[in-house]
Amino acid sequence: MKKATKENTFSIEKMQTGIPGFDEICYGGLAVGKTTLVSGTAGSGKTILACQFIYKGVEEFNERGVFISFEEKALDLKKNMLQFRWDFEAMEKNKKVYFIDASISADHSTQIVGSYDLEGLLSRIEGAITAIKPRRVVLDSIGSLFYQFQDSTIIRNELFKLVSFLNSKGVTTVITSERLQDYGNVSRFGVEEYIADHVIILRNILEKDKRRRTLEILKYRGSDHKRGEQPFIINADQGIVVMPVSTLELKQKSSGKRVSSGNARLDDMCGGGFFRDSVILVSGATGTGKTLMVAEFIRGGFKNNEKVMLLAFEESEEQMIRNATGWGVDLVEMKKKGLLMISAEYPETNGMEDHLYRIKQLVEEFKPNRIAIDSLSAIERGSSTDSFRAFIIALTSFLKKKEITSFLTSTSSKIFGENSVTQAHISTITDSIILLRYTEVMGKIYRVITILKMRGSAHDKDIFEFTIDENGMNIQNVVFRNVSGILGGTAKSS
Amino acid sequence: MEEKINLKIFVSGGNLNYSRTIELLKEALSQRPGFVCDIEIIDVRKFPQKAEHARILATPTILKEALPERRIIGNLTNIESALKAVDYLIY
């Protein structure tokens, strides 16, 4: 279990929800005995969040829950939640949860003729509370009440009564409410913000051509919390998983331990290899040799008996194995020994948060010492600058924490010269940057390599020519001198 | 032969305004010959499980369970509205 990451000045008692990542962003969970409003557009995940709150309460903390469903029939709801293997039916039998079906029924017709109150509902909730003594209560979603009863003044008053009744019982309440737009007023029925101590917004935004889900804590009375939109995914194994945007950790607990890049000459250029817990970025145009460097990086790990994970987004596993064989790197043997894992997939099938979640999962399972991602540019396609940057920060800080040597490639869009958007975003986050370039010198094309940056170490600052053959990358000792403009793609005598 | 109608009226002990509604309901029923009515008054505060079973949200609610199921929500205020409500329930 995660514990609160920040002490509060007011020591309000908090309840862990058990929703992965959520307790982290509100520094420990929801305030006990208070009411939280979850507002979002249709399909933003409100009901799933509400169900998960109840389910996790029982499963992880043995806290019973009452679920009042205004929108969906309780029966349908329980059935739908089986997609996450949340068996509410069984929990209900064991008196761990109690469903109150307050949905509009199609089997009778109703006329409203005069003044009324919601004492019927209130007494049912009281009955449920007496029956199972819950710690968690959900009302999903209150908008339905306004449609059923139309007199919004009465419903507003009754909701006030209901919420203060729940507060008096000491239960922690989650109320969901639908809003019409992802950005704009929280309140649709003029009551939501007033009955809730905390307000959470769920969003489901179309960003470029990808759906992106975010969760934002808009208001949390009496406690600090993470600000801004935090991405989350809905996953068949776990339901909602919030992925807090991590702030970049600048404290380098670097051990100073070096590992081989897989190329002896390159190790020399780096002053003795890469730092073990560093993030290395290789940038170059297509065909300059990035994937070759990946293959050598893998071999470097293998020779040292390290476990290596390759995430290939540009090529299939077979293709990758074939290419590596051409450079004298035998990936099949490494796989057989269980030291290499290759995961190849099309980046377009997943959103940024799904990638992050998957990579984390694979890392937790395989526990590699090094990881190579070929290439980041493939992941970046079809996503916005901000979400890509957030992805890179979250990924690299995760890998650093695990002390995994990370080798990332990035494709520059120009064949000659430099024009890499990716690099500009992420160069501050990476520890080392290696550039591969084509350059023209006196009418001849050369491949060149240079180390642009290597944090915490002296390194060669020259630009070297290299060739590629069946032994891999051969970095020449010839340094381009008396010419300039090499990285620009055209060298001039100077 | 008189038709028998069973009605349930869900009220809340916390709210005493319902006695006028019951009076008006009985009076309206007496003005519709050909029906014998049995009225069960249920206090949701005392019998939450009955409210649960009938899925009652609002009080007062007059419920006719026999098909076609009909419900009237809200207090009756005069005999005209009571007669309309009764006609809705029994016809």
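Predicted model: local features only at pLDDT ≥ 70, side-chain atom pairs only at ≥ 80, totals over all residues.
Axes here are lines fitted to C-alpha atoms, for helices over the stretch in contact, and angles run from 0 to 180 degrees between N-to-C directions. Residues are numbered from 1 along each chain as its sequence is written, while chains are lettered from A and ligands numbered from 1 in the order in which they are written.

In chain B, helix α1 (residues 18-30) and helix α3 (residues 79-90) have axes that come within 8 Å and cross at roughly 65°; helices are DSSP runs of H or I with at least four residues, and strands are runs of E with at least two, numbered from the N terminus. The angle therefore makes α1(B) roughly perpendicular to α3(B), a label that covers 65 to 115 degrees. In this contact (C-beta atoms, placed from the backbone, within 7 Å), α1(B) contributes L24(B), L25(B), E27(B), A28(B) and L29(B), and α3(B) contributes I79(B), A82(B), L83(B) and V86(B).

Turning to the backbone, the peptide bond from T59(B) to P60(B) is cis, with omega near -5°, and P60(B) sits in the loop between α2 (48-53) and β3 (61-64) of chain B. The loop between α2 and β3 of chain B is also the place of R55(B), a residue other than glycine whose phi is positive, near 55°. In chain A, the peptide bond from D140(A) to S141(A) is cis, with omega near -20°.

Key
Parallel < 35°, antiparallel > 145°, perpendicular 65-115°, else oblique. Contact = placed C-beta atoms within 7 Å.
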